[in-house]
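Subject: Structure handover

Hello,

Here is the structure I said I would pass on. My notes on what turned up in it follow below.

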Amino acid sequence: QSNNLRYCETIAATNPCGEQPLPPYGACLLGSINLSQLVTTPFETGAEIDSAALTDLVATAVRMMDNVVDTSKFPLEAQAQEARNKRRIGLGVTGLADALLMVGLRYGSDAGAAQTEAWLHAIARAAYLASVDLAKEKGAFPLFDAEPYLESGTMQLMDEDVRDAIR
């Protein structure tokens with residue numbers, strides 16, 4: 001129910017490491033944001049993630065991974081078509097535990113979990129808005145259909161201004 005593309009695919013398996021559910025012949029280009037590199041004044045009072053730097057880095061990562069879709073050599077034509085029709089990317093994080101420590105929070109604590117949720121929401125928000133900018137520039141991905149896309153569980157939890165931009 002959370003899959004944004006459930007209107008045009010059925011999840012059948014995951015990638016080899018298990019972090020990305022995929023349809024048959026699905027491909028997902030993966031990248032990571034290093035949160036620990038974005039902490040201002042680490043280990044000091046007021047240490048935080050630089051939100052402007054995070055937004056800029058996410059936009060760069062989304063553009064880079066989208067460009068990789070066009071330059072990748074897929075072993076099977078079905079994989080190439082799947083990748084081009086959906087332009088699926090997966091942007092994750094690394095350095096989470098370090099970033100939490102740098103801002104004075106313990107990994108696994110309630111406060112650490114709440115901060116992690118806020119950071120991940122900011123990343124998702126920035127990624128969707130960067131994708132909207134790419135769609136304005138290059139056109140939407142071939143199988144994009146706004147209304148069913150926005151009906152997914154993931155999109156139901158997204159900020160309304162992001163949903164409006166996607167629409």
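In this predicted model, helix H2 spans residues 77–86, and its buried residues are Gln-79, Ala-80, Glu-82, Ala-83 and Lys-86. They lie on the same side of H2, because the arc they cover around the axis is only 165°. What they pack against is helix H1, residues 51–71. Just after H2 comes Arg-87, with a positive phi of about 50°.

Next, the strands. E3 covers residues 29–34, and its side chains alternate. E3 runs parallel to strand E6 (residues 89–94), and six bridges join the two. Within this pairing, the residue of E6 opposite Leu-29 is Ile-89.

Ile-33 also turns up in the largest nonpolar core, which has 21 residues. Ile-33, Leu-35, Val-39, Ile-49, Leu-54, Val-58 and Trp-119 are the members that touch the most others in this core. Two or more residues come from each of H1, helix H3 (96–102) and helix H4 (110–138). H4 is the main contributor, giving six residues. To take one member, Leu-54 touches Ile-33, Leu-35, Leu-38, Ile-49, Ala-122 and Ile-123, with residues up to four places away in sequence not counted.

Another core, of 10 residues, lies apart from that one; Phe-141, Tyr-149, Met-158 and Ile-166 are among its members. Phe-141 and Tyr-149, both buried, also belong to the aromatic pairs, of which the structure holds three. Pairs of aromatic rings are described by the distance of the centres and the angle of the planes. For Phe-141 and Tyr-149 these are 6.2 Å centre to centre and 55° between the planes, a tilted pair. Ring pairs also bring in Phe-144, so that Phe-141, Phe-144 and Tyr-149 are linked into a cluster.

On the cysteines: how many disulfides does a search of the whole structure find? The search finds zero. The closest cysteine sulfur to that of Cys-17 is in Cys-28, at 12 Å, which is too far for a bond; the cut-off for a disulfide is 2.5 Å between the sulfur atoms. Cys-28 is likewise in no disulfide, with the sulfur of Cys-17 as the nearest cysteine sulfur.

Gln-20 sits in the loop between strand E1 (13–14) and strand E2 (21–22). Is Gln-20 buried or exposed? Its relative accessible area is 17%, and the limit for buried is under 20%, so Gln-20 counts as buried.

Regards

Notes:
Residues numbered from 1 in each chain as written. Predicted model: local features only at pLDDT ≥ 70, side-chain atom pairs only at ≥ 80, totals over all residues. Heavy atoms only, no water. Buried < 20%, exposed > 50% of the residue type's maximum accessible area, 1.4 Å probe, protein only. Helix = DSSP H or I, 4+ residues; strand = E, 2+ residues; numbered from the N terminus. Arc of directions from axis to C-beta. Contact = heavy atoms within 4.5 Å. Phe/Tyr/Trp six-rings, centres within 6.5 Å; stacked < 30°, edge-to-face > 60°. Core = buried A, V, L, I, M, F, W, Y, C linked by side-chain atoms within 4.5 Å. Pairing = 2+ DSSP bridges.
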